[in-house]
Amino acid sequence: MSEPSRQLSDPRELLSGYLDHYRAEVLRALDGFPEPGVSRVPSGWTPLAMLKHLAYMERRWFVWDFAGEPIEDAQGDRDAEGGLVASESYEEIRKLYLAQCERSRQVVARASLSEVASRIGRFQPPHEPPTLGWIMFHVLEEYMRHAGHLDVARELAD
């Protein structure tokens, strides 16, 4: 998916468009990745774990924090060092990721950018809950950073 039109000025369309652009960039980097469960970097993260992290990140920010829907496991399975465990296949994690992206789009479609996140997730008093616009920008920022990580891992793998 290409970047949103340079003629866009509506913040919702820009944020949604760029989120979808970077969601597609992540999948582009992972499609055909040789051994996505193998780390190529000193810190030890794997491309497969990164995709799973992004699925859980979407789930935490949009479903739990913003929409206030209870979820059983906000962080995913972690190892002793706190790293995300990705024991599923690429196809299984990709399916989880795509489903979560769609669920996030549904949450976003029902709300205004100025609507404030619930108090169900991480924003218990006294913490001030952010707006949907802030959350979308924060999630976009995380996508940009991790898409760059995946580009480097792909370059090392290739």
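**Helix packing in a predicted model**

Reader: Which residues of H1 meet which residues of H2?

Author: Leu19, Arg23, Val26, Leu27 and Leu30 in H1 meet Pro47, Leu51, Leu54, Glu58 and Phe62 in H2, where contact means heavy atoms within 4.5 Å and a helix is a DSSP run (H or I) of at least four residues, numbered from the N terminus. The model is predicted, and its local features need pLDDT of at least 70, side-chain atom pairs count only at pLDDT 80 or more, and totals for chains, interfaces and linings use all residues. Residues are numbered from 1 along each chain as its sequence is written, and side-chain values use heavy atoms, leaving out hydrogens and water.

Reader: Why is H1 called roughly antiparallel to H2?

Author: The axes of H1 (residues 11–30) and H2 (residues 47–66) come within 10 Å and cross at roughly 160°, on a scale from 0 to 180 degrees between N-to-C directions, with axes fitted to C-alpha atoms over the stretch in contact. Angles over 145 degrees count as roughly antiparallel, so H1 is roughly antiparallel to H2.

Reader: How do you know that H1 and H3 are roughly antiparallel to each other?

Author: H1 and H3 (residues 90–109) pack at an angle of about 180°, with their axes 12 Å apart, and they are therefore roughly antiparallel to each other. By class, their contact has 9 nonpolar, 2 polar and 5 charged residues.

Note on methods. Helices (H or I, at least four residues) and strands (E, at least two) are DSSP runs, numbered from the N terminus. Angles under 35 degrees count as roughly parallel, over 145 as roughly antiparallel, 65 to 115 as roughly perpendicular and the rest as oblique. Ala, Val, Leu, Ile, Met, Phe, Trp, Tyr, Cys and Pro count as nonpolar, Asp, Glu, Lys and Arg as charged, and the others, Gly among them, as polar.
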